[in-house]
Amino acid sequence: MTLSQTGKFGPMPVVLIDRPGGEYWQAWNAYIKEHLLERGLISPEDPNLYTITDRLDVAMEAINSFYRVYHSSRYVEDRFVIRLNSDLSDAAIEGLNEQFSDILVKGRIEKSLALPQEAGDETFDLPRLVLYFNQRDLGRLYQLIGAINQLGKSSYESQHPERK
């Protein structure tokens, strides 16, 4: 969790699964909110880094939805490159810029092809978003990924119309 929060690992879905009816992770979450969030030791968005559930279907959906459109990411020099399973519209990118400008050091979220430094990468053909991420607001970055996944249609869904 700390590695995700500090940007040393991920982004990836973190799912904390309890036994059915269990309260371990809920109690842990209450402690986090009471002792860390209320004291300003973590940001209000940091709970977006994880999902707590006691249901396997919820856990599976948290993982599946994380990768619905988002594929992977990496840094190329000082730019954060988000690889996508499907392209987003220009209007969608404009909305992301309006909603998430607070996590940018400079510039805007922009569509991109693979950068020259990514030549030979197995994800070379995937559409991308490129931004100058502040490397501080990881909870907001997870919110950005969630918004991306809501805006686009995954390649799996477009290839498999029987999926409901």
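User: Which side chain meets that of Asp90 in a salt bridge, and at what N to O distance?

Analyst: The partner of Asp90 is Lys111, and the two side chains meet at 3.2 Å, N to O. A salt bridge is counted when a side-chain nitrogen of Lys or Arg is within 4 Å of a carboxyl oxygen of Asp or Glu. Please keep in mind throughout that this is a predicted model.

User: Which residue forms a salt bridge with Glu94?

Analyst: Glu94 pairs with Arg108, at 2.6 Å from N to O. Since Arg108 lies in strand 5 and Glu94 in helix 4, this pair ties together parts that are 14 residues apart in sequence. Both partners are partly exposed: Arg108 has a relative accessibility of 40%, and Glu94 has a relative accessible area of 34%.

User: Where in the chain do Asp102 and Arg140 lie?

Analyst: Their side chains meet in a salt bridge at 2.8 Å, N to O. Asp102 is in the loop between helix 4 and strand 5, while Arg140 is in helix 5 (residues 138-151); the pair links distant parts of the chain, 38 residues apart. Asp102 is partly exposed at 41% relative accessibility, whereas Arg140 is buried at 13%.

User: How many salt bridges are there, and which residues are linked in a network?

Analyst: The count comes to twelve salt bridges. Arg74, Arg83, Glu118, Asp121 and Arg128 are linked in a network of them. Arg74 is located in strand 3 and is partly exposed, with a relative accessible area of 28%. Apart from neighbours within four places in sequence, Arg74 is in contact with several residues, including Arg83, Glu118 and Asp121.

User: How many bridges join the paired strands?

Analyst: Strand 3 and strand 4 (residues 79-84) pair over six bridges; here Ser73 stands opposite Ile82 in strand 4. Strand 4 is joined to strand 6 by four bridges, and Ile82 stands opposite Leu129 in strand 6. Strand 5 is joined to strand 6 by five bridges, and Leu129 in strand 6 is the bridge partner of Lys111.

User: Why is strand 6 described as largely enclosed?

Analyst: Five of the six residues of strand 6 are buried, so the rest of the structure largely encloses this strand.

User: Which residues touch the most other members of the largest nonpolar core?

Analyst: One looks for buried nonpolar residues whose side chains are joined to one another. The largest core has 29 residues, and those that touch the most other members are Ile82, Leu88, Leu96, Ile109, Leu129, Leu144 and Ile148. Strand 4, helix 4, strand 5, strand 6 and helix 5 each give two or more residues to this core. Its largest share, seven residues, comes from helix 5. Leaving out residues up to four places away in sequence, Leu144 touches Ile82, Leu96, Phe100, Ile103 and Ile109.

Definitions and conventions. Residues numbered from 1 in each chain as written. Predicted model: local features only at pLDDT ≥ 70, side-chain atom pairs only at ≥ 80, totals over all residues. Heavy atoms only, no water. Buried < 20%, exposed > 50% of the residue type's maximum accessible area, 1.4 Å probe, protein only. Pairing = 2+ DSSP bridges. Contact = heavy atoms within 4.5 Å. Core = buried A, V, L, I, M, F, W, Y, C linked by side-chain atoms within 4.5 Å.
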